[in-house]
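Open the model in your viewer and keep the sequence panel beside it. This tour tells you what to select at each stop and what you will find there.

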Amino acid sequence: YGKIKTETTLCTLAVARAFVATLESSSNDDGPKTTALCIQLVGNRFLRRMVRILVATALREAIVILSTNDPSDETTEDPSQPRPSLANNRLVEILQSLDRSQSARSAPPQGLVFASAAF
């Protein structure tokens, strides 16, 4: 993994979203179903470990939002669901701070799946 010389480290993140998906067993329709958190990141390029850092930070912030979500608060329709505005604002704040110490440590590669690349 030699260092590649580039003129800039500017990366443009066009899409960043998270959603819950239910995955069915491919071998049997009646098999167990798994719930997974899917994080979609679309950008013009990514630096080394950048995706793993973004995923870990998004997970950390989602856990904070879910754990602090007060079931007695009637401002949300479903108390089991996070409040997207809080999570979105916090992630934007972290990114705009340009302070790496505010983000989480890199997520381990287990469970991360590369879906596609377009050129």
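Begin by selecting L13, which lies in strand β1, residues 13–23. Strands here are DSSP runs of E with at least two residues, helices are runs of H or I with at least four residues, and both are numbered from the N terminus. L13 counts as partly exposed because its relative accessibility is 31%; buried means under 20% relative accessible area, exposed means over 50%, and partly exposed is in between (1.4 Å probe, protein chains only).

Before moving on, note that this is a predicted model, in which local features need pLDDT of at least 70, side-chain atom pairs count only at pLDDT 80 or more, and totals for chains, interfaces and linings use all residues. Residues are numbered from 1 along each chain as its sequence is written, and side-chain values use heavy atoms, with hydrogens and water left out.

Now zoom out to the whole protein chain. It has two helices and two strands, and from the N terminus on they run β-β-α-α. Of its 119 residues, 16% count as buried.

**Stop: a nonpolar patch**

Together, L13, F46, V51 and L95 make a nonpolar surface patch of about 290 Å². Patches are made of residues with over 30% relative accessible area and no salt bridge, where like charges are joined within 9 Å and nonpolar side chains (Val, Leu, Ile, Met, Phe, Trp, Tyr) within 5 Å. The areas come from the Shrake-Rupley method with a 1.4 Å probe, and for residues only the protein chains shown count as cover.

Stay with F46, which is found in the loop between β2 and α1. F46 counts as partly exposed because its relative accessibility is 32%. Show L10 too: F46 and L10 are 36 residues apart in sequence and 9.1 Å apart in space, C-alpha to C-alpha.

**Stop: two positive phi angles**

Select R49, in the loop between β2 and α1. The phi of R49 is near 65°, a positive value in a residue other than glycine. At 47% relative accessibility, R49 counts as partly exposed.

Next, pick L98 in the segment after α2 (84–97). L98 is not a glycine, yet its phi is positive, at about 55°. L98 counts as exposed, with 78% relative accessibility.

**Stop: the salt bridge**

How many salt bridges does a search of the whole structure find? It finds one, and you can see it by showing the side chains of E61 and R60, which meet at 3.0 Å, N to O. A salt bridge is a side-chain nitrogen of Lys or Arg within 4 Å of a carboxyl oxygen of Asp or Glu. Side chains of opposite charge can pair when their charged atoms come close. Is E61 buried or exposed? E61 counts as buried because its relative accessibility is 9%, while R60 is partly exposed at 29%.

**Stop: the second largest pocket**

β2 (34–43) and α1 (50–68) each supply at least two lining residues, and the largest share, eight residues, comes from β2.

**Last stop: G111**

Finish at G111, in the segment after α2. G111 counts as exposed because its relative accessibility is 73%.
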